[in-house]
Amino acid sequence: MSVIFSTMSRLFFVLLLGVSVFMLFRGHNEPGGGFIGGLFAALAFALLALSDSVAKARKALIVHPVGLIGAGLVLAFLSGLPGLVSDRSFLTHWWFELGSTHLGTATAFDIGVFMVVIGGVLSLVFRFYEGVEQ
């Protein structure tokens, strides 16, 4: 790949990760959330894999995509358990206020969805890119 594309992809990688985190935490009151945030983050890693290599993108991801899927599923499931304790309804969320910030078990659910989307998309993308590189 060209030097310009490789250099600019690193800049866009950081920008896309920032936007993905913004979209993740914006999703409670406005459009956004774990799914769209996960797509932005997966796009960042896919761009890195396309510009440099899948090995560099896997190294930047740190964990295996399938491990990310599993951890996200567990986190999303665990976020629904407090509702069973309070009113016997799975996924009834608890909310906490820290100043003007509202956090709760829905935030943990969104982070779980975020992780599942990143892992799922990158499993597919890395497999496709590995076939192209060979």
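1. Start with residues 31-50. In this predicted model, the span is 85% helix and 0% strand, and its end C-alpha atoms lie 29 Å apart.

2. Now see how the helices sit together. Helix α1 covers residues 3-26 and helix α2 covers residues 34-51; their axes come within 8 Å and cross at roughly 170°. Angles over 145 degrees count as roughly antiparallel, so α1 and α2 are roughly antiparallel to each other.

3. Which residues of α1 and α2 meet? On the α1 side they include Phe5, Phe12, Phe13, Leu16, Leu17 and Met23, and on the α2 side Ile36, Phe40, Leu43, Phe45 and Leu47 are among them. By class, the contact of α1 with α2 has 17 nonpolar, 6 polar and 1 charged residues. Arg10 in α1 is also on the list, as are Ser6, Ser9 and Ser20 from that helix, and Gly34, Gly37 and Ser51 from α2.

4. β1 (residues 95-98) pairs with β2 (residues 101-104) in the antiparallel sense, over 4 bridges.

5. What do β1 and β2 form? They make a hairpin, with 2 residues between the strands. Gly99 lies in the turn and has a positive phi of about 70°.

Methods
Residues are numbered from 1 along each chain as its sequence is written. This is a predicted model: local features need pLDDT of at least 70, side-chain atom pairs count only at pLDDT 80 or more; totals for chains, interfaces and linings use all residues. Side-chain values use heavy atoms; hydrogens and water are left out. Axes are lines fitted to C-alpha atoms, for helices over the stretch in contact, and angles run from 0 to 180 degrees between N-to-C directions. Angles under 35 degrees count as roughly parallel, over 145 as roughly antiparallel, 65 to 115 as roughly perpendicular and the rest as oblique. Contact means heavy atoms within 4.5 Å. Ala, Val, Leu, Ile, Met, Phe, Trp, Tyr, Cys and Pro count as nonpolar, Asp, Glu, Lys and Arg as charged, and the others, Gly among them, as polar. Two strands pair if DSSP finds at least two bridges between them.
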